Amino acid sequence: MSTPPNAGPVRVAGYGLIDRSEPLRFSFDGVEYGGCRGDTVASALLANGVRLMGRSFKYHRPRGVLTAGAEEPNALVTVIEDGQQTPNVRATVQELFGGLRVASQNRWPSLSLDLMAVNDLAAPFLAAGFYYKTFMWPRAFWEKLYEPLIRRAAGLGRLSGRHDDAPYEKAYAFCDLLVIGAGPAGLMAALAAGRAGADVILAEEDSRMGGRLLSEQPVVGGRPGPEWAETVLAELATMPNIRLMPRTTVTGAYDHGTFGALERVGLHLAETGPLPRECFWRIVAKRAILAAGALERPVAFPDNDRPGVMLASAALAYLNRWGVLAGRRIAVFANNDGARATARALQAAGAEVMLIDSRPNASALEDFRVWRGAQVTGTRGRLGLREITLTDSAGSVTLEVDCLAVSGGWNPTLHLACHMNGRPEWDAALAAFVPRPDMVPGLEAAGAARGLFDTAACLADGLRAAREALADLGLKPAALEAPETADQPYAIEPLWAVPGRGRAWLDLANDVTVKDVTLAAAENFRSVEHMKRYTTQGMAPDQGRNSNVAALAVLADATGRGIPETGTTTFRPPYSPVSIAAMGAGGRAEGFQPQRFMTSHQASVARHAPMIEAGLWYRPSYFPLPGEATWRDACDREVAMVRGSVGVCDVSTLGKIDIQGPDAARFLDFVYTNTFSTLPVGRVRYGLMLREDGHVMDDGTTARLGETHYLMTTTTAAAGQVMRHLDFVRQAHCADWDVALISVTEQWAQFAVAGPKARDLLNTMLDEPLTGDFPFMGCGPLRLMGVEARLFRISFSGELGYEIAVPARYGAALFRDLCARAETFGGGPYGLEALNVLRIEKGFVTHAEIHGRVTAFDIGMARMIAAGKDCIGKAAAARPGLSGAEREQLVGLKPASPQTPVSAGAHLFAAADPAVRKHSQGYVTSACWSPTLGSWLGLGFLRNGRARTGEMVRMVDHLRGAEMLCEVCHPVFHDPEGGKMRG
Amino acid sequence: MRYSGWRVIAEGLRGQRGWAPVWRDPAPKAEYDTVIIGGGGHGLSTAWYLAKNHGLTDVAVLEKGYLGGGNVGRNTTIVRANYFLPGNSEFYSHSLKLWEGLEAELNYNVMHSQRGLINLFHSDGQRDAFVRRGNAMINQGDDAVLLDREGVREMLPYLDYGQTRFPIHGGLLHPRGGTARHDAVAWGYARAADRRGVDLVQNCEVTGIDIMNGRVTGVQTTRGAIRARRVGIITAGRSGQVAAMAGMRLPVESHILQAFVTEGLKPCIDHVISFGMGHFYISQSDKGGLVFGGDLDFYASYAQRGNLPMVEHVMEAGMTLMPMIGRAKVLRSWGGIMDMTPDGSPIIDRTPVEGLFIDCGWNYGGFKAVPASGWCMAHLMATGESHDYARRFRLDRFATGHLLDEEGTGSQHNLH
Amino acid sequence: MRITCPLCGTRDRREYTYYGSDDYLNRPAPDAPPQAWDDHLHNRDNPAGRTRDLWYHDPCGTWLAVTRDTVTHAVHGVDPVMPVSGRGGA
């Protein structure tokens, strides 16, 4: 290292809030170090004299910590676990625990020797936006050469590539008042609201509450800041109506009092036990107080990015909070009064201190050397700061220092207030943006977040904000006074960028310099949004929190405008980056969507049926028997079983809607194209339902159980949509009708019993046997071994078929019993694969055909739109484009050679036409091997298809390399007269 | 000024002092032959093709904010030609061909990167629908490859193949699909149009459309009245408000679509991946951020910001599909105003007002269409006739029922 | 985002399904001219500002007309599309 042995940061006695009685070991890039409970990785590394913690994004410049908080742009590290790692962790936030392993990132081969730093040498050519102007020739080189090189060089940390199997959680919380930030203003607000009885959440990003009371340690109420904070926190902890949430970052403000917040639950623990790593909270608050404080900002001057250059507030925080003196010879460079106290504190802790105040008229009365009207114009030290050059009216001086503490003033932390598009206003006296009232409804800024940089003012303002919130909440404030504290005057003269040779960094995280911004302006990217996008200013992990205002000021200067006219970019959630795993908690594996199981699920699984997803449901694909090699063997057997004896299939996933009332018949006439008022009690009818736009929404059967009582079935996929639709039609268009609807899908288990032996099977278990008079499309109640059941004589297979419904609690038993009895007839259960073959053989449509773009006309059901009545979708279905010879119509397809598979998704062409877009005349929707007909079959849509029966068309599936001739036929292949299901 | 590697080196050697403004900042003239309302991707490409293909340069693009500030600057940058309905196929196919020559055409590196797009499927039914789509793409002369589960695993080994909720059955690979740098597209078109003499007028909001005897005569703006013989409305999510100035109600609702980007990471996702069951799609930018998005928030909105339910849904989908991204941190989320048409397809057409044209209804897929939209809109405005590639993008197709419904969710609003 | 269902109270947006503009409430007569149906189904004011649109509260099955602002997302009022008193038959 280039730093002399008696230089660099060091732990000092008598300072800090760390627990020195608990030493901890941790490693950084494989080297072991010691630290204390209460340290962050950054404070512990500094205490060990380590200043170099990272490499910059673009130029791979050596970097150390700039800040002591979550806004850190430089010290991003990777936390290593066995088999897993977390990139881009702020060393300033990660708390130390024993055995913590941390590695630097974006360097190769090592942090101190990074060969990628060659980019820094090429920097003159890599100005803002250079990549838009080159890498264009030859064309192929972009993807093959340039882009891969850029991609490899870019990026920061690396994901492990392994599944993140660690636990994460999400939770909801509700409160009267959310206080964001537990500094002086936040603590006062929480105390006032807590004493008044409000239900309060106090959320603080830091692991320890107190904010600047911990880092600056002003005297409050006659006591050191941390002590006063502890007293308040102790009182808050006793209140049942207060929830203290440390390590919780409020990440976003959303509509109607909803806030997102990320709690770091287990990230600071060596052993988390059952705790999640993080918990993402949705907090709903009636009122909120933004007491998030303020962030100090740096000044851009040449080579202002070396390890050892940090914010003055960070130097003070490392001293007071963690007992680390950031250097032995520290220069403080400031444009405001606030940094003076810092300089004094650093000196008191044993550092040799000098103050460089850019203001010519600043006071020179200090116990250390003060350079007035001076600016830092250069620095040296390759891997750590060794010296600085300062320039004033007398000329330039070089000073040997190992730390430069910089203060360019303060920016209120107003980001959350801007999340709903509100724009802050420029306060010229503070040289900062401050929030306007009501930028987020119900949220009020207080304290430093409102531009009050004085502790006394913050305490008073927290109290004020709480009282206003309490008044809104209708609560009476308790008597409470803000404690006494010393005034801290704050005066500032703006200084954004120091001119001079060499690069002056604005956005350290994205390597954006002052020159990049002026270049953008010169190229006429004068809008702040253009400048941001062209230079990438503010788009790095720190989201521009350290640099946006300065970059804006540089742009304003370069374009000859004032800062308010130049505007600001928009702050968007999240305030601090949030892991995908936390916001996506619960989504892993089967957790992504609810799982719905039929009552027969266990029995099907016991029969080794592969269960496949059907919407949210799981249904058996087929029921394999020993000796069956493939699913096709089982499927062919099950089809033959239904055609030859009897099969049992759980059809409970179909939607069931119970419709009752004197106007039930009228209602069905309105929502279906065909007529249901004429349906006799005890009968079932197939119904076709359109969307109001005239396309087919769904189909199914509806049974008339009584004069004023119908039971509708829907397809599995559309059950929810149909229920919503019926509720809409009923409430919006039939408000004065006497009809009520309710979904009973989950109340009934329903089984298809299909095949020539279906009646025989049922008769083995019915209390009163069925006779031939229970007609096709009949329905009625019956008793099944003492249980009230419903029977429907309907068929989706084309065979003699029934569906029997029992209350869901009997479903599992009934399914087992039906299967066992079926087996005695040479039958058994059948799954979705066989169901699909059976329905294709019969030309019944499913959502493969009624896929949302088809009309009743297309599927040959135009005549089902009854003439004498209105119905949903009827008017729109009459549009000229929804019918006619140009439409693709449902047809059956039989391959010229029966053994050649029909390919679902293949396109159809006239036999002589080439297989190109303008000749495509249709496509195959469903295909199967029909064991019944000994041929492959297909259903599909073909232009003017019904008129083309008998024509040979060419089916082409480029993707599967399949091509053949098919005969266009009627879609009902099996038993077209329907004698079997009626018989 | 022509851009090239040599120029970049030369400017590097002399301190970047020689770069000229990328475009002029002209004050609007009192009269133009053609006025384009909207300086987004589509408006700027229209201006460029008016100049390049039709020799029309007496053109102004009026932008109420800054150029490229709308959806072209806030999308997930995906470029693809994987549509399957006639009317869409040929249009997006043409657009992709234009993308493939865009750097040379504009002398601007828009970083078009054909890294391959994979649409995953999770059931036989979805597979068949994708086969139909893939075959349509090949019929059109584009490319598509059907991958089985192992084929997907070979390309995307990091997906969760043990995931049981919606197991990955396979995917449809569109090798020529990919991404481009969104801002660069707007800037490239703007610079090229400016160089041909088109006036790009920023901070100029149109407040009225002047119509006399059924014919457009110009526009009123915050920077004064501008006469024009032809006016094109190309204002995406704001189309409804601008069309209302001409007395029109459009078949458009404006919705919010959110997108997300993570902190920079070393390369880990080399393709564009679309997970339809989760309404989730993702790619990795050249800077290393994972760029991803999901479905609409599903309520009409002009707020350009969304809410948590869809944010969380998208993250959950990401975790179920590729749990390796769990430790990546979302850096920024944003929202765009989507001009949703009932059938999900766009409109490039004349209006009932003579000389007034409209290009809108890009739903959530306008970015890839930027080149062909400008190409076809320029053709329409210059010749008065619809371009063959856009002949089905008619304003009256909802009334006539000649719909272009790729998703099959209807010709009613908000079902897709 | 939270909406107050008149029957159930204030609930998260997750409990609601959105449909669209309240144009959908005004269904034309069956024999109305095509233009009326085109306006009903397709053409929209699409206001940037105050609007009234339709939301379904899934848990209770109630369709609501919500008056709200498309720019700020503020909700000004929520009414069931069918008057509660008119729930005949239920």
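Tutor: Partly exposed means a relative accessible area between the buried limit of under 20% and the exposed limit of over 50%. Keep that in mind for this predicted model.

Student: Is B:Arg249 buried, exposed or partly exposed?

Tutor: B:Arg249 has 32% relative accessibility, so it counts as partly exposed.

Student: What does B:Arg249 pair with?

Tutor: Side chains of opposite charge can pair when their charged atoms come close. Here B:Arg249 forms a salt bridge with C:Asp23, with the closest N and O atoms 3.3 Å apart. The pair crosses between chains. C:Asp23 sits in the loop between strand E3 and helix H1 of chain C. B:Arg249 sits in the loop between helix H8 and strand E12 of chain B. C:Asp23 is at 19% relative accessibility, so it counts as buried.

Student: Which residue forms a salt bridge with B:Glu90?

Tutor: A:Arg917, at 3.4 Å between the closest N and O atoms. B:Glu90 lies in helix H3 of chain B and A:Arg917 in a loop of chain A, so the pair joins two chains. B:Glu90 is buried at 1%. A:Arg917 is partly exposed at 23%.

Student: Where in chain A do A:Arg101 and A:Asp82 lie?

Tutor: A:Arg101 is in strand E8, and A:Asp82 is in the loop between strands E6 and E7, 19 residues apart. Their side chains meet in a salt bridge of 2.9 Å, N to O. A:Asp82 is exposed at 70%, while A:Arg101 is partly exposed at 33%.

Notes
Residues numbered from 1 in each chain as written. Chains lettered and ligands numbered in written order. Predicted model: local features only at pLDDT ≥ 70, side-chain atom pairs only at ≥ 80, totals over all residues. Heavy atoms only, no water. Salt bridge = Lys/Arg side-chain N within 4 Å of Asp/Glu carboxyl O. Helix = DSSP H or I, 4+ residues; strand = E, 2+ residues; numbered from the N terminus. Buried < 20%, exposed > 50% of the residue type's maximum accessible area, 1.4 Å probe, protein only.
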